[in-house]
Amino acid sequence: MSSLSIPHLLGLHDVPKQDLELILDSTDTFLEILDRPIKKVPTLQGKTVVNLFFENSTRTRISFELAERRLSADVVNFSASTSSVKKGETLLDTARNIEAMKVDIVVMRHAAAGSVKFLSERCTSRFLNAGDGAHEHPTQALLDMVTIRQKTGSLEGLNVCIIGDIAHSRVARSNIYGLLTMGANVAVCGPASMIPYDLERMGVRVFTNIDDALDFSDVINVLRIQLERDAGADFPSLREYHNAFGITRRRLDALGKDMIVLHPGPINRGVEIESEVADGPYSVILPQVTNGVAIRMAVLYLIGTRAE
Ligand code: CP
């Protein structure tokens with residue numbers, strides 16, 4: 001394997017295609033390890049990784065921890081709710097104190113956009129962004145891309161539409177950057193109140209009608225309505241959102257074509273996606289989760305063993 005040009009994974013904006021290809025291509029090696037009876041290799045033996053999660057997470061936190069342990073790293077988990085953050089310690093002081101304990105890699109989720117970059121510029125560890133506010137969630141987009149590629153063979157020329165709460169979504173932003181770099185045709189669909197104004201300038205098609213979006217698409221990535229970030233204020237009711245934009249089996253069957261349905265999770269069943277779709281033949285939601293461990297192993301390996 002060759003090496004990445006980037007020292008940290010802060011987002012997919014400006015990550016060169018060669019780096020994305022290296023990460024995506026490395027993932028098969030790590031998927032193979034996950035299928036072995038003993039799912040462990042010594043790749044990061046002697047390295048210490050701290051998982052610094054200031055926001056809730058199920059998939060990303062467990063997936064990163066499993067990836068770290070599968071690579072034989074020493075793993076420390078930090079939870080903001082039981083830390084000295086509660087006594088008023090700043091983010092930078094927290095990070096510098098943890099780093100003084102000789103940590104090599106920091107995986108971080110935080111509600112503030114730009115917080116991971118902020119620390120990466122002031123600390124000496126390698127930083128991996130596990131989601132910063134509504135900014136970026138790069139490993140989610142990478143696992144989405146690898147899952148699509150498993151089904152289609154290539155991302156080049158593929159029509160991919162991201163559906164839902166685009167404005168609040170770090171997943172949308174990272175997917176848009178990564179997919180455009182890899183040569184996909186990218187669209188978004190949702191209520192106008194949930195679509196940022198500058199997307200068309202980036203070469204992203206914008207649909208406000210779900211049937212037009214589905215006609216365009218080979219792949220859809222259905223986003224969660226983020227009620228905890230006040231998304232509910234952008235449309236009249238969850239029932240109306242479901243009627244206008246919800247992904248239903250009836251809508252997909254009526255297209256009469258193959259369709260690949262992704263969702264980053266957690267799912268609001270019956271809001272942005274019907275259970276019959278989430279659990280049905282169009283869905284690759286659980287393969288996304290499996291691929292998440294492998295892609296995080298690939299990123300940890302490539303960043304953790306990269307020469308200074
Ligand atoms: N997809 C995702 O980031 O899920 P979690 O919030 O559970 O980590």
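I began with strand β5 (residues 159-163) and strand β6, which run parallel and are joined by 5 bridges. The model I consulted is predicted: local features need pLDDT of at least 70, side-chain atom pairs count only at pLDDT 80 or more, and totals for chains, interfaces and linings use all residues. Residues are numbered from 1 along each chain as its sequence is written, and side-chain values use heavy atoms, with hydrogens and water left out.

For the terms, I took helices (H or I, at least four residues) and strands (E, at least two) as DSSP runs, numbered from the N terminus. I counted two strands as paired if DSSP finds at least two bridges between them.

**Entry 1: β5 and its partners**

I looked up the bridge partners in β6 and found valine 186 for valine 160 and alanine 187 for cysteine 161. Between the two strands the chain passes through helix α6 (residues 170-181), and this β-α-β crossover is right-handed (with the strands pointing away from the viewer, the path from the first strand over the helix to the second runs clockwise). With β8, β5 pairs in the parallel sense over 4 bridges; there, isoleucine 163 stands opposite valine 222.

I then checked burial, where buried means under 20% relative accessible area, exposed over 50%, and partly exposed in between (1.4 Å probe, protein chains only). In β5, 5 of the 5 residues are buried, so the strand is largely enclosed by the rest of the structure. In a regular strand, side chains alternate between the two faces of the sheet. From β5, Asn159, Cys161 and Ile163 point one way, whereas Val160 and Ile162 point the other way.

**Entry 2: the whole sheet**

I traced an open sheet of 5 strands in the order β7-β6-β5-β8-β9, with parallel pairing. The edges are held by β7 and β9 (260-262), each with a single partner strand, so one side of each has no neighbour in the sheet. Neighbouring strands are turned by 20° against each other on average, direction ignored.

For β6 (residues 185-189), I noted that 4 of the 5 residues are buried, so this strand too is largely enclosed by the rest of the structure. It pairs with β7 (residues 205-207) in the parallel sense over 3 bridges, with phenylalanine 207 as the bridge partner of cysteine 189.

**Entry 3: arginine 224**

I located arginine 224 in the loop between β8 (219-222) and α8 (238-245). Its relative accessibility is 19%, so it counts as buried. Leaving aside residues up to four places away in sequence, arginine 224 touches Asp165, His263, Pro266, Asn268 and Glu272 (contact means heavy atoms within 4.5 Å).

**Entry 4: α1 against α11**

I found helix α1 (residues 17-34) and helix α11 (residues 285-304) packed at an angle of about 115°, with axes 8 Å apart. Axes are lines fitted to C-alpha atoms, for helices over the stretch in contact, and angles run from 0 to 180 degrees between N-to-C directions. The contact includes Phe30 of α1 and Met297 of α11.
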